Every structure is written in structure tokens, then in C-alpha cells.
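Here is a report on a single protein chain. Look at the sequence and the structure first, then read on.

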Amino acid sequence: MAVKKQNKLAQTAVLKQILKRCSSLGREEKEEGPPVDVPRGHFVVYVGKNRSRYIVPISYLDHPEFQSLLRQSEEEFGFKHHMGLTIPCDEVAFRSLTSSLR
């Protein structure tokens, strides 16, 4: 039981780091941050072979299907880079998934 709670805390810490780098959450005007076209409460992901850019709401982080994509992303690419997250997923599958999350 305690191990499961530790894993959840570690995942929460990683998600907070992602949000700081990839969203406008908590950004002040003087701070460097994501591009201005990223609305508050959203973050950028890059999907598919062509790394197409998508701006997605932070609420997607609550969905198990999206969390699975984040775990795959961490395994394949890691989270230590300055641009938005790269999701190892076909664009059609990503659009299908995100349309069901709305």
C-alpha cells in the first residue's frame, strides 16, 4: 500500500515539473515560459513522426489513457527537454483519444 502511494507521489511530482515547463500555469509576464499561444491551463505536446504540435488542456492529465501515453513518453524520450512533451503515438490515434476525453 505504501509503495503504491509513493509511486503516485512520484508521478505527481513529475506531472508538476511537466506543467511548469510546458504550460502557462503560474507564469508571470517577466518569466520565460511557453509560447504566448499556449492558453492558461494548457500545455504543448508533439505527436507522431512529424512531431505535429497540439495544445491540450491540463485536465487530460486526470485521464488514465492520457497518463498511459505520458508513461510511454517518459520511457521512450524522458522528460528532460525544453520543448513540449513528445508523445510516441500515431496522430490519428492521438486525435481519436483526445476527442473521447472532451
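## The aromatic cluster

Tyr-54 is buried, with a relative accessible area of 17%. Phe-94 is buried too, with a relative accessible area of 1%. The model that holds these side chains is predicted.

Tyr-54 belongs to a cluster. Ring pairs link Tyr-54 with Phe-43, Tyr-60, Phe-66 and Phe-94. The count of aromatic pairs comes to four. A pair of aromatic rings is described by the distance of the centres and the angle of the planes. Two of the pairs share Phe-94, and their values are set out here.

| Ring pair | Centre distance | Angle of planes | Class |
|---|---|---|---|
| Tyr-54 and Phe-94 | 5.1 Å | 55° | tilted |
| Phe-66 and Phe-94 | 6.4 Å | 55° | tilted |

Why do these pairs count as tilted? The rings of Tyr-54 and Phe-94 have their planes at 55°, so the pair is tilted. Planes over 60 degrees apart would count as edge-to-face, and planes under 30 as stacked. The planes of Phe-66 and Phe-94 are also at 55°, so that pair is tilted as well.

Where do the partners sit? Phe-66 is in helix H2, residues 64-77, and Phe-94 is in helix H3. This pair links distant parts of the chain, 28 residues apart. Tyr-54 lies in strand E2 and Phe-94 in helix H3, so their pair ties together parts that are 40 residues apart in sequence. Phe-66 has 0% relative accessibility and counts as buried.

## Strands and overall layout

The chain has three helices and three strands. From the N terminus on, the order is α-β-β-α-β-α.

E1 has two partners. With E2, E1 pairs in the antiparallel sense over six bridges. One of the bridges joins His-42 to Pro-57 in E2. Four residues lie between the strands of this hairpin, and Gly-48 there takes a positive phi near 85°. With strand E3, residues 85-87, E1 runs parallel, and three bridges join the two. Val-45 has Leu-85 as its bridge partner in E3.

Is E1 covered or open? E1 is mostly covered, with five of its six residues buried.

Across the chain, buried residues make up 36% of the 102 residues. The chain exposes about 7100 Å², and carbon and sulfur atoms supply 53% of that area. Among contacts with a separation of 6 or more, residues 24 or more positions apart account for 43%.

## Salt bridges

Side chains of opposite charge can pair when their charged atoms come close. How many salt bridges does the model hold? The count comes to two.

The side chains of Arg-53 and Asp-37 meet in a salt bridge, at 2.8 Å from N to O. This pair links distant parts of the chain, 16 residues apart. Arg-53 is in strand E2, residues 52-57. Asp-37 is in the loop between helix H1, residues 2-22, and strand E1, residues 42-47. Arg-53 is partly exposed, with a relative accessible area of 34%. Asp-37 is also partly exposed, with a value of 44%. Both values fall between the 20% and 50% cut-offs.

The side chains of Glu-91 and Arg-95 meet in the other salt bridge, at 3.5 Å from N to O. Glu-91 and Arg-95 are four residues apart in helix H3, residues 91-101, so about one helical turn separates them. Arg-95 is partly exposed, at 41% relative accessibility.

## Confidence

How far can each part be read? The chain averages a pLDDT of 76, and 61% of the residues score at least 70. Confidence is highest in E2, at a mean of 93. Confidence is lowest in H1, at a mean of 60.

One stretch scores below that. Over residues 24-30, pLDDT stays under 50. The model has 13 contacts beyond four places in sequence for these residues. Where pLDDT is low, the predicted coordinates should not be read in detail.

How values were computed. Residues numbered from 1 in each chain as written. Predicted model: local features only at pLDDT ≥ 70, side-chain atom pairs only at ≥ 80, totals over all residues. Heavy atoms only, no water. Salt bridge = Lys/Arg side-chain N within 4 Å of Asp/Glu carboxyl O. Buried < 20%, exposed > 50% of the residue type's maximum accessible area, 1.4 Å probe, protein only. pLDDT = per-residue confidence, 0-100. Contact = heavy atoms within 4.5 Å. Areas by Shrake-Rupley, 256 points an atom, 1.4 Å probe, with all protein chains shown as cover. Phe/Tyr/Trp six-rings, centres within 6.5 Å; stacked < 30°, edge-to-face > 60°. Pairing = 2+ DSSP bridges.
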